[in-house]
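Below is a briefing on one protein chain, written for use alongside its sequence and coordinates.

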Amino acid sequence: MLGEMGAKQPLLLNPGCPPPGDPGITAVLDLATAVLSATWVELVLTPVADAPCRTYAHGTADGTGISRDLDVGEETTATLRLGGVSNPSAAVLRTLAAALTITLDCHRLRSQTAVLRAALDSTSSSVLLFDCRGDILYANPPADRLLSLQTEDELLVDSEEHTTQPLFSILSSVVEQVTSAGPDQPAWQGTLQARDGRVLACEVTRLPHVASLPDTVLVLLQYLGSEPAVRIEAFCAAHNLSPREIEVVQLLIEGLTTVAMAERLSISPHTIRDHLKNLYRKAGASSRGELLGLISRAAPATAIDRYNG
């Protein structure tokens, strides 16, 4: 069912009823009491899904009231019980239904916002929302920490022009390129090489336009690791190395001799030489030095690639 949800569907299928003492519900009960001069008011909300129903009261019910259903949409049924009232007009009931609908919509939105905020706060990825001018609208905690590093001039990135710029200056530039390329363009994806050695995967996506809201761009940043680790991972993935060959590459980077590698892995030097021959063959290298050179150049692009539109 989640896969069939469209953009206009609620994010949470069953947010439940507002809690007791909800200000919006209290306002609806106060409105019904004042407009109808009711001696008491009860409101019963029953979600269509499996969430439990909830009763809200203003005054003490005496069992002699009348009941009227309020039209608040398809997700919840609402029954209003009134004491000391003979027959409320249809116009008054429509007004109460409209006020209650707004209250329930606000509750759903607050619930959705709370879930999204909790999800964004718990992820290790840095999540940012930019407007089309490149200004930051939102940053989750990991992104906020990156912002503080930039404020301290500690997060500098190599740009495509081979100059060093703050990370968020480059991100703002990419955001402007993405927004100017049009709404149908795919997301920009690439990697950023920081001057401190860390490598960040980056994805920049223009979100669908929402009426009355500014155009928004989503930026996701994920720490991949330090530069050496990323280079080794890229080399091993590119040449489809076996687990043992990956271990040999890691020891090779450490500068160990063939005998030292054999001792570390508890295998014979002859077996290490066989693994090295396989590595030379797979990588197209003829020596240990050439193999190390290929590994050092195996990382993903370390500067912002130009957005192709």
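Glu75, Asp105 and Arg108 are linked in a network of salt bridges, a salt bridge being a side-chain nitrogen of Lys or Arg within 4 Å of a carboxyl oxygen of Asp or Glu. This is a predicted model, in which local features need pLDDT of at least 70 and side-chain atom pairs count only at pLDDT 80 or more, while totals for chains, interfaces and linings use all residues. Residues are numbered from 1 along each chain as its sequence is written, and side-chain values use heavy atoms, with hydrogens and water left out. Helices (H or I, at least four residues) and strands (E, at least two) are DSSP runs, numbered from the N terminus.

**Salt bridges**

- The count of salt bridges by this rule is eight.
- In the pair Glu75 and Arg108, the closest N and O atoms are 2.8 Å apart.
- Burial is stated by relative accessible area: buried is under 20%, exposed is over 50%, and partly exposed lies in between (1.4 Å probe, protein chains only). Arg108 counts as buried at 12%, whereas Glu75 at 33% is partly exposed and Asp105 at 37% is partly exposed.
- Arg206 and Asp215 form another of the salt bridges, the closest N and O atoms being 3.2 Å apart. Arg206 is partly exposed at 22% relative accessibility, and Asp215 is partly exposed at 23%.

- An open sheet is formed by four strands in the order 2-1-4-3, with antiparallel pairing; two strands pair if DSSP finds at least two bridges between them.
- Strand 2 (54-58) and strand 3 (66-70) are the edge strands, each with a single partner strand, so one side of each has no neighbour in the sheet.
- From one strand to the next, the twist averages 20 degrees. Axes are lines fitted to C-alpha atoms, for helices over the stretch in contact, and angles run from 0 to 180 degrees between N-to-C directions.
- Eight bridges join strand 1 (residues 40-47) to strand 4 (residues 76-83) in the antiparallel sense. Val41 stands opposite Leu82 in strand 4, and Val44 has Thr79 in strand 4 as its bridge partner.
- Strand 3 pairs with strand 4 in the antiparallel sense over five bridges. Here Ile66 has Leu82 in strand 4 as its bridge partner.
- Strand 3 and strand 4 form a hairpin with five residues between them, and Gly73 in the turn has a positive phi of about 105 degrees.
- Which residue of strand 4 faces both Val41 and Ile66? Leu82 stands opposite Val41 and is also the bridge partner of Ile66.

**Helix 7 and helix 8**

- Helix 7 (residues 258-265) packs with helix 8 (residues 269-283) at an angle of about 105 degrees, their axes being 8 Å apart.
- Helix 7 is therefore roughly perpendicular to helix 8. Angles under 35 degrees count as roughly parallel, over 145 as roughly antiparallel, 65 to 115 as roughly perpendicular and the rest as oblique.
- On the helix 7 side, Thr258, Met261, Ala262 and Leu265 meet Pro269, Ile272, Arg273 and Leu276 of helix 8. Contact means heavy atoms within 4.5 Å.
- By class, this contact has six nonpolar, one polar and one charged residues. Ala, Val, Leu, Ile, Met, Phe, Trp, Tyr, Cys and Pro count as nonpolar, Asp, Glu, Lys and Arg as charged, and the others, Gly among them, as polar.

**Val157 and chain totals**

- Val157 is found in strand 7 (residues 156-158) and counts as buried at 1% relative accessibility.
- Val157 and Leu192 are 6.8 Å apart in space, C-alpha to C-alpha, and 35 residues apart in sequence.
- The chain has nine helices and 11 strands.
- Of its 309 residues, 36% count as buried.
- Among contacts between residues at least 6 apart in sequence, 56% join residues at least 24 apart.
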